[in-house]
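I'll just walk through a few spots I'd like you to look at, so let me put it up on the screen.

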Amino acid sequence: MVNIAEVVVDCPLKDIDKTFYYAIPNHLVNYIEIGSRVIVPFGNRTLQGFVVNFLDKIEESQYKLKEIENVFEYPSILDRKLIDLAKWMSYNYNSSLFSCIQSMLPRGVKLQFTEKYYLVKKTSDEDFNLFFKKPRTLGEIINNLKVTKEEILRCLSEGILEKKIDIKTNIQEKIDQEISLDVEQEEITLPVTALRQHELLELLTNQEWLSLSDLPTPLRNAAKTFIDKGYVKVREKRVFREPEFINLSEENGVKILNEEQKKAFDQLVKAFDSGNKEIFLLKGITGSGKTEIYLQFTQHVVNSGKDVIILVPEIALTPLMVSRFKSRFGDKVAVLHSGLSEAQKFDEWLKIKDGKVKIVVGARSAVFAPFKNLGVIIIDEEHESTYKQEVQPRYVTKDVAEYRISQEKGVLLLGSATPSVESYYYAQNGYYKLLELTNRANNRALPNINIVDMKEELIQGNKSIFSRLLYNSINETLQRGEQVILFLNKRGFSATTLCRNCGFTFKCPHCDVNLTSHHKGNFLICHYCNYSLTSPKFCPKCKGKHLRFNGLGTEKLKEEIEKHFPNGRVIRMDNDTMTTASSYNEVYQMFNEGKANVLVGTQMIAKGFDFPKVTLVGIILADLSLNFPDFRSSEKTFQLITQVAGRAGRAELNGKVILQTYTPEHYSIKNSATYNYLEFYHQELKIRESLKYPPFTRLAKIEVMAKVEGDGKKAIDQIYNSLKPKINNLSEDIQILGPVVPAITKIRGLYRYILIIKFPKGSALLDVINSYNFKKYIKNNVTSIKVDIDPGTLI
Ligand code: ADP
Ligand code: ZN
């Protein structure tokens with residue numbers, strides 16, 4: 001009888017997206033679990049794979065299966081629960097099982113296979129022998145030893161050489177050596193001669209264990225001598241490559257919760273203690289003390305012996321949250337986000353896996369943190385679009401978190417000042433439990449939001465990007481020695497460079513978007529493909545010389561401020577300036593210390609910031625996000641305005657917000673200015689219902705990209721025509737729309753075609769999609785087909 005494992009392999013051939021069966025050799029039976037990483041033969045290669053299932057034993061004679069060669073680690077790298085999650089993701093997001101498993105692991109643990117040649121028999125050839133003292137790769141032998149491939153093959157066949165595969169993880173654990181005196185000091189004082197050796201001896205007598213990496217080089221050499229002579233014992237110690245940590249918070253201990261906070265906290269604790277799965281939506285205005293609840297709830301969970309995952313939308317937000325958690329929980333906290341080096345990520349991940357920490361604060365992928373006693377997942381700013389992964393597997397973090405919490409019978413806590421329409425709908429329906437904080441913790445009033453109609457400004461003869469109110473307010477604020485935040489949403493189509501004579505606009509030749517002006521108008525750049533162009537001197541169409549590089553970007557805005565406000569010291573925060581992990585901290589510190597008094601930025605500055613001296617927030621053009629052609633654009637605008645406004649008047653000083661717009665009557669603008677979430681929600685929900693958008697349906701987006709227009713169209717039509725009857729067969733309320741021409745018809749030289757499917761929850765549509773072979777259309781000039789279930793946007 002033989003044991004059989006079902007294995008998903010890391011196969012470089014993209015098309016292979018299925019599992020394979022392998023026999024488990026007897027000597028490995030006790031070391032292979034579901035989730036084990038195994039080394040398997042595959043064709044004529046050796047690959048890594050993961051065990052995803054065991055099959056019933058079968059008679060050996062029935063099958064001739066290949067055997068698993070080895071298991072890479074024991075206990076297994078993943079557990080059964082995470083494998084179950086991966087299977088669910090694979091089904092729910094139409095993604096390969098291997099990609100789902102891979103998304104749970106840091107890149108550092110990925111295996112590298114290197115073929116090495118070992119000398120196993122002495123040869124007569126002296127040179128050959130001499131050079132072959134250690135295992136070498138084929139390349140090294142051929143290049144360095146000048147041995148031909150034929151010769152190597154001969155040696156292999158004659159048993160002089162042996163080929164083995166060396167397997168290592170991409171990144172290794174960092175090991176340090178520690179030494180301690182092994183003989184009586186008196187014994188050793190005599191033989192020790194050199195000055196350095198005396199110095200080392202002194203250190204060793206004062207301290208039980210000395211770590212080698214702490215010693216300066218000369219002493220380290222002395223230490224080597226001691227080791228060689230056997231004066232010291234040596235032991236190995238794992239070293240963690242700690243993420244850089246800057247303490248940004250003025251965290252001053254546990255707060256006494258106010259009444260609202262206490263009520264929310266008590267419900268969380270009660271649900272957690274009951275041991276049933278429960279999802280909470282904590283809706284609390286900015287500064288209402290949500291984070292304080294996260295901290296105290298985490299304390300409760302950790303005291304009960306369970307682990308906590310805290311998710312934040314992006315790296316930019318992590319340092320603040322990390323600061324607050326680290327200052328409260330110290331080294332119980334690990335951090336995971338894309339700003340860390342691979343080695344740091346690897347070490348943080350291992351700390352989680354080995355149970356050395358109880359809490360992880362991180363971005364999206366930290367939802368897979370391999371805690372063994374996971375009790376709670378907290379998702380801060382749950383409405384943020386960064387929680388949707390935009391590459392395979394295209395998962396929705398909130399849903400993954402819910403799956404994990406169901407496995408653990410734990411608590412999922414979603415926090416936001418402006419919950420997503422979907423989440424609030426679930427809270428209204430009782431699927432989530434609603435917790436509310438309606439007051440700021442320090443009882444500060446929310447700042448007033450003043451709407452300025454920019455059409456009116458133009459009528460009054462003001463053509464500047466600053467309305468008169470904003471202009472005067474900036475002046476006054478700077479004169480009082482206070483600070484200003486100016487927000488400009490660049491996501492939009494406004495950044496045009498046009499000829500004022502004939503109206504010609506400069507477009508990217510590869511993408512269907514306008515180019516944005518950069519570096520004081522010297523370059524025009526495409527933000528999708530980085531195509532750039534030195535700014536032309538005249539219009540290519542009419543040869544007119546009056547070109548206007550009026551791309552209203554943050555760079556331009558910074559210039560305008562410097563021009564109009566002599567005492568304005570401006571810094572910028574956007575994707576162009578936040579290129580390294582530390583640039584965020586630098587800008588943060590500069591503004592915090594008052595070295596700059598105006599901060600200009602994109603979405604990035606909308607959240608998390610808490611600067612006491614900021615009393616004025618200006619929203620340069622709220623319409624930019626409103627005009628974005630997507631079903632979520634009203635919601636996004638409402639959320640952005642509310643969040644940006646929350647940056648004003650966080651401390652003793654009162655804040656003011658000025659919102660510039662061409663559409664002051666829009667329900668998203670009107671209601672955000674009065675902080676009326678409910679009114680906004682009801683209006684938005686009506687639209688979602690009538691147009692059949694989430695939360696009333698789920699969406700699937702199928703996108704074809706092609707080098708040639710006609711080929712892409714043909715593929716999308718074929719997909720549509722063959723999917724349609726299958727969908728009709730389901731006799732469910734499913735709509736298939738398309739093929740639609742997306743808002744951006746071309747990206748990086750590829751034409752795009754989109755099908756949109758609206759389907760009810762619990763629909764069998766996923767069965768249809770998962771059994772449909774999209775890959776067969778990838779040929780000729782069709783380069784890719786993306787299937788996105790629950791997409792973040794439809795554009
Ligand atoms: P949010 O996460 O909702 O924006 P925070 O938890 O950051 O709110 O709280 C805003 C500020 O109020 C922080 O400086 C926090 O330390 C403080 N704070 C929160 N809860 C209390 C409390 N119960 N008593 C006093 N200060 C509090
Ligand atoms: Zn482009």
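This is a predicted model: local features need pLDDT of at least 70, side-chain atom pairs count only at pLDDT 80 or more; totals for chains, interfaces and linings use all residues.

So, helix 9, residues 259–274, packs with helix 10 at an angle of about 30°, and their axes are 10 Å apart. Angles under 35 degrees count as roughly parallel, so helix 9 is roughly parallel to helix 10. And the handedness, if you're wondering: helix 9 passes helix 10 in a right-handed crossing.

Which helix gives the most to the shell around ligand 1? Helix 10, residues 290–303, with three residues. There are 15 residues around ligand 1, and K255, G289, K290, T291 and A441 come nearest. By class, that shell has nine polar residues, three charged and three nonpolar.

Next, the cysteines. The UniProt entry, which is unreviewed, carries a "binding site" annotation on C508, C511, C526 and C529. Two of these I'd like to compare. C526 sits in the loop between strand 23, 523–525, and strand 24, 532–534, and C529 is in the loop between strand 23 and strand 24 too. Buried or partly exposed, then? C526 has 21 C-beta neighbours inside 10 Å, so it counts as buried. C529 has 17 other C-beta atoms within 10 Å, so C529 is partly exposed; the cut-off for buried is 20 or more.

Quick reminder: most residues other than glycine have a negative phi, and most peptide bonds are trans. Here are some exceptions. Q392 and P393 are joined by a cis peptide bond, omega about -10°, and P393 lies in the loop between strand 16, 374–380, and helix 13, 397–408. Then the bond from P694 to P695 is cis, with omega near 10°.

Where is P695? In the loop between helix 22, 677–691, and strand 30, 698–706. That loop between helix 22 and strand 30 also holds K692, which isn't a glycine but has a positive phi of about 55°. K692 is partly exposed, as it has 15 other C-beta atoms within 10 Å.

Last one: R748, in the loop between strand 32, 746–747, and strand 33, 750–759. Phi of R748 is positive as well, near 50°. With 14 C-beta neighbours inside 10 Å, R748 counts as partly exposed.

That's my tour, happy to go back to any of it.

Methods
Residues are numbered from 1 along each chain as its sequence is written. Chains are lettered from A and ligands numbered from 1 in the order in which they are written. A residue is near a molecule or strand if its C-beta atom, placed from the backbone, lies within 6 Å of it. Helices (H or I, at least four residues) and strands (E, at least two) are DSSP runs, numbered from the N terminus. Ala, Val, Leu, Ile, Met, Phe, Trp, Tyr, Cys and Pro count as nonpolar, Asp, Glu, Lys and Arg as charged, and the others, Gly among them, as polar. UniProt positions are given in the numbering used here, feature names are shortened, and annotations may be inferred rather than shown by experiment. A residue is buried if 20 or more other C-beta atoms lie within 10 Å of its own, exposed if 12 or fewer, and partly exposed in between; C-beta atoms are placed from the backbone. Axes are lines fitted to C-alpha atoms, for helices over the stretch in contact, and angles run from 0 to 180 degrees between N-to-C directions. Angles under 35 degrees count as roughly parallel, over 145 as roughly antiparallel, 65 to 115 as roughly perpendicular and the rest as oblique. A crossing is left-handed if the near helix is turned anticlockwise from the far one by less than a right angle, and right-handed if clockwise.
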